[in-house]
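This report looks at how side chains are arranged in one structure, with the criteria behind each term given where the term comes up.

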Amino acid sequence: MGVFILAAMSLGSAAEGSGQVPPAAGGDGLDRFRNQPVGWAACRDTALAASGTECARITVPLDYSRPRGRTIEVAVSRIKSADPKRRRGILQTNPGGPGARGLGMPAELRKVMGAGPAAAYDVIGMDTRGLGESTPVDCRLTRSTWLLHAPGTDRAGFDRSVRLSRDDARACGRSAAGTLPHLSTRNIARDVDIVRSALGERRTSWFGQSYGALLGAVYAQMFPRNVDRLVLDSAPDPAEYPLRMVRRQGPANERALDDFGAWAASRHQEYGLGVTAAAVRTGVETLIGRAGDEPVRVGGHRVTNHELPLLFYVSLVDDTANPRFAGLLRVLRDAADGKPVTVPPWLQGTLDLMFAGAGTGQARDYAAQLAMLCADADMPRDPEHYRRAVERTRTSQPVFGPMTHAPFPCAFWKERPRESPTRIDNQVPALQVQATEDPRTTYASGLRMHDAMRASRLVTVPARAHTLYANRPQGCVNRIVNTYLLHGTLPPRDTLCPE
């Protein structure tokens, strides 16, 4: 789902910034982690194993300020260089989220990498601390994301969103209080560096998309001398992550809906959604209103006006998926009319993930996501702050505003962040790619990351899209990224990649 699933300091060392930080390398008690042996074996996941991916576990301290204390494991994966004679190093990766599992990322990237980069790197994936096959945090949550329950149109709906978020926070406080404060992005960046060292590499290259781009920027800020080549795909504004970033997704997704409306209106004879963009929007808003009166029964689920915004949010990410979104609206409209519908597999899978409950992998990943978000940044703690924000958005953002301004569970988190967020401000060379109509990490947000990474080059794609390199594999972006990974050559200036 991109950012939120369904998804910083001057040049220097990790000791920069406020809060608890480890001493300089060599006297910090971390050498036993840096120098540990890594035992690669077949991945437990049969699909990963079939892709040629190997897996291993690397031990890291839970609390980097207490390296002799409790330890946890991070699960890592690897697809080795296609030609060891041409290998130059490792390419560590992160698929986004936060909270997206990363062991499958090497196999996904190898599908789109050119032959040169595939030979140049061992591609490394990781389930970040607390997630997936790494030592997991499990809060025994009963839902898949706090975005699932948009506040709706009345005070009762908002109050329920407060209760649900408070319940999520309390469940995590009961189940994993000793682990939660340590699942921050800064600690994940420290884990990335332990992995680099344990794999015997003096420097590492990095490919991160969405949240993974933020993680790469944080790593470059904390460990600039350990960075080789750095690719940031669909980056957020590091100063706005996470609260303001989520709120910017409200107007961005309203624009995406209007963009889709114009597309659908020009194809009214095919899809029957309206002869103007305004008519298409009216149909969407009417459908949400109807779901508030009577849930839409589809795919074995009851979808109300509280859940429909999330379903639309996860379906509007990319303009190449316009036909699929048009089909979704037809299915929902027919289901609301009581007509029999055929639910396509992609929609069934999306609904099943959305409504995944207690004991599922999706609910556990949500717990890890919350732990990361709440360890990274303090959030407003007064529920009325969120109510006022929701009410301000109702006219200008009628579909997505209440959802993207709903109360974060972090508002009710027991413990505040142990460290301040990392301020990004450095001259580490980087290649950044960004779409002009990205509804997750907006183009304006990406420009602020570009400004913060002062030696970066920006590749702009005029499209509604999020995470470009892996999802639009035949275009100009891939040629530029592959050239950079292979030769280390950044474009001489910021570049426009026409579709």
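## Aromatic pairs

The count of aromatic pairs comes to 8, where rings of Phe, Tyr and Trp (its six-membered ring) pair if their centres lie within 6.5 Å, and where planes under 30 degrees apart count as stacked, over 60 as edge-to-face and the rest as tilted. The rings of Phe207 and Tyr469 have centres 5.3 Å apart and planes at 50°, so this pair is tilted. The pair links distant parts of the chain, since Phe207 belongs to strand E6 (residues 204–209) and Tyr469 to helix H18 (residues 468–471), 262 residues apart; helices (H or I, at least four residues) and strands (E, at least two) are DSSP runs, numbered from the N terminus. Phe207 and Tyr469 are both buried, a term that means under 20% relative accessible area, with exposed being over 50% and partly exposed in between (1.4 Å probe, protein chains only).

The model is predicted, so local features need pLDDT of at least 70 and side-chain atom pairs count only at pLDDT 80 or more, whereas totals for chains, interfaces and linings use all residues. Residues are numbered from 1 along each chain as its sequence is written, and side-chain values use heavy atoms, with hydrogens and water left out.

How many residues of helix H11 (residues 308–315) are buried? The answer is 8 of its 8 residues, and the helix is mostly covered. What covers these buried residues includes helix H8 (243–265), helix H10 (277–293), strand E9 (301–303), helix H12 (322–336), helix H13 (345–354) and helix H16 (401–404).

Because Phe312 lies in helix H11 and Phe325 in helix H12, the pair ties together parts that are 13 residues apart in sequence. Phe312 counts as buried at 1% relative accessibility, and Phe325 is buried with a relative accessible area of 1%. Ring pairs also link Phe312 and Phe325 with Phe260, Trp263 and Tyr271 into a cluster. Tyr313, another buried residue of H11, has Arg440 over its face at 3.6 Å from the ring centre; a charge sits over a ring if NZ of Lys or CZ of Arg is within 6 Å of the ring centre and within 35 degrees of the ring normal.

## Nonpolar cores

A nonpolar core is a set of buried Ala, Val, Leu, Ile, Met, Phe, Trp, Tyr and Cys residues joined through side-chain atoms within 4.5 Å. The largest has 140 residues, and those with the most contacts inside it are Leu230, Phe260, Leu308, Phe312, Leu332, Phe408 and Met453. Apart from this core lies another, of 5 residues, among them Cys43, Leu48, Ala75 and Leu103.

## Disulfides

The whole structure holds 4 disulfides, each a pair of cysteine sulfur atoms within 2.5 Å. Cys139 is joined to Cys172 at an S to S distance of 2.1 Å, and the torsion about their S-S bond is about 105°, so this disulfide is right-handed. Cys374 is joined to Cys410 at 2.0 Å, with a torsion of about -85°, so this one is left-handed.

Cys476 and Cys497 are joined at 1.9 Å, and both are buried. With the bonded cysteines numbered in sequence order, the pairing is 1-2, 3-4, 5-6, 7-8.

Notes
Contact means heavy atoms within 4.5 Å.
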